Amino acid sequence: VQNQEKIVWPAQLIVAKAYVDQLERSQALAAGQTAELRKAIQSAESSNMNQKDLLKLKGFAPSLEKSAATTKSAADSTRLQALAEILKRPAH
C-alpha cells in the first residue's frame with residue numbers, strides 16, 4: 001500500500017499571496033478585491049504584523065468565506081476558505 005503524506009501549508013502570508021494569485025487567475029476574485037488583498041498583505045508584512053494591519057486582514061475573512069459558499073468551483077471554494085483562515089490568524 002502506498003502511503004501519501006498530506007501536505008499542510010503554514011498559515012503564513014506568503015501562502016496567502018499564493019492563494020490570491022491562484023484565485024485571480026481563475027477569476028474567483030474581482031480585480032478590485034485582489035488589489036485590496038495584496039495591498040493589505042503587503043502592509044502587514046512591512047509593518048511586522050502590527051495590530052492595525054492584522055485587524056484589516058481579519059476584516060477580509062467574512063467576505064471570502066461568503067464567496068467560498070457561492071463559488072462554482074470546488075477548488076476555488078477550498079482556496080477561498082483557506083485564505084480566510086490564514087487572514088484570521090496569520091503566522092509570523
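Biologist: Beyond its neighbours within four places in sequence, what is Leu54 in contact with?

Modeller: Keeping in mind that this is a predicted model, Leu54 is in contact with Met49 and Pro90 once the neighbours within four places in sequence are left aside. Leu54 itself has its place in helix H3.

Biologist: Is Leu54 buried or exposed?

Modeller: Leu54 is buried, because its relative accessible area is 14%, and the limit for calling a residue buried is under 20%.

Biologist: What about Gln27, what is its phi?

Modeller: Phi of Gln27 is also positive, near 60°, and Gln27 is likewise a residue other than glycine. Gln27 sits in the loop between H1 and H2.

Biologist: Buried or exposed, that Gln27?

Modeller: Gln27 counts as exposed, because its relative accessibility is 69% and the exposed class begins over 50%. Met49, by contrast, is buried.

Biologist: Changing topic, how many residues are in the largest nonpolar core?

Modeller: The largest nonpolar core has 23 residues, and those with the most contacts inside it are Leu13, Leu37, Leu57, Leu64, Leu83 and Leu87. At least two residues of this core come from each of helix H1 (13-25), helix H2 (31-46), helix H3 (51-70) and H4. As background, nonpolar side chains tend to be buried together in soluble globular proteins.

Biologist: Pick Leu83 for me, what does it touch?

Modeller: If residues up to four places away in sequence are not counted, Leu83 touches Ala16, Tyr19, Val20, Leu23, Leu37 and Leu64.

Biologist: Then on to the helices: at what angle do H1 and H4 cross?

Modeller: The axes of H1 and H4 cross at roughly 150° and come within 9 Å of each other. The two helices are therefore roughly antiparallel, given that this label applies to angles over 145 degrees. The crossing in which H1 passes H4 is left-handed, and the contact is made by Leu13, Val15, Ala16, Tyr19, Val20, Gln22 and Leu23 on the H1 side, and by Asp76, Arg79, Leu80, Ala82, Leu83, Ile86 and Leu87 on the H4 side.

Biologist: And H1 with H2, how far apart are their axes?

Modeller: The axes of H1 and H2 are 11 Å apart, and the helices pack at an angle of about 170°, which means that H1 is roughly antiparallel to H2. This crossing is left-handed. On one side of the contact are Leu13, Ile14, Ala16, Lys17, Val20, Asp21 and Glu24 in H1, and they meet Thr34, Leu37, Arg38, Ile41, Ala44 and Glu45 in H2.

Biologist: One more polar residue, Ser77: is it buried or exposed?

Modeller: Ser77, which lies in helix H4, counts as buried at 14% relative accessibility. A polar atom of its side chain lies 2.8 Å from the backbone oxygen of Ala68. Apart from residues up to four places away in sequence, Ser77 touches Ala68 and Thr71.

Biologist: And Ala75, how accessible is that?

Modeller: Ala75 is partly exposed, with a relative accessible area of 38%, and its place is in helix H4, which spans residues 74-88. Ala75 and Val15 are 60 residues apart along the chain, and their C-alpha atoms are separated by 16 Å.

Definitions and conventions. Residues numbered from 1 in each chain as written. Predicted model: local features only at pLDDT ≥ 70, side-chain atom pairs only at ≥ 80, totals over all residues. Heavy atoms only, no water. Helix = DSSP H or I, 4+ residues; strand = E, 2+ residues; numbered from the N terminus. Buried < 20%, exposed > 50% of the residue type's maximum accessible area, 1.4 Å probe, protein only. Core = buried A, V, L, I, M, F, W, Y, C linked by side-chain atoms within 4.5 Å. Contact = heavy atoms within 4.5 Å. Polar contact = N/O pair within 3.5 Å; in protein donor to acceptor, adjacent residues only side chain to side chain. Axes fitted to C-alpha atoms, helices over the stretch in contact; angles between N-to-C directions. Parallel < 35°, antiparallel > 145°, perpendicular 65-115°, else oblique. Left-handed = near helix turned anticlockwise from the far one by under 90°.
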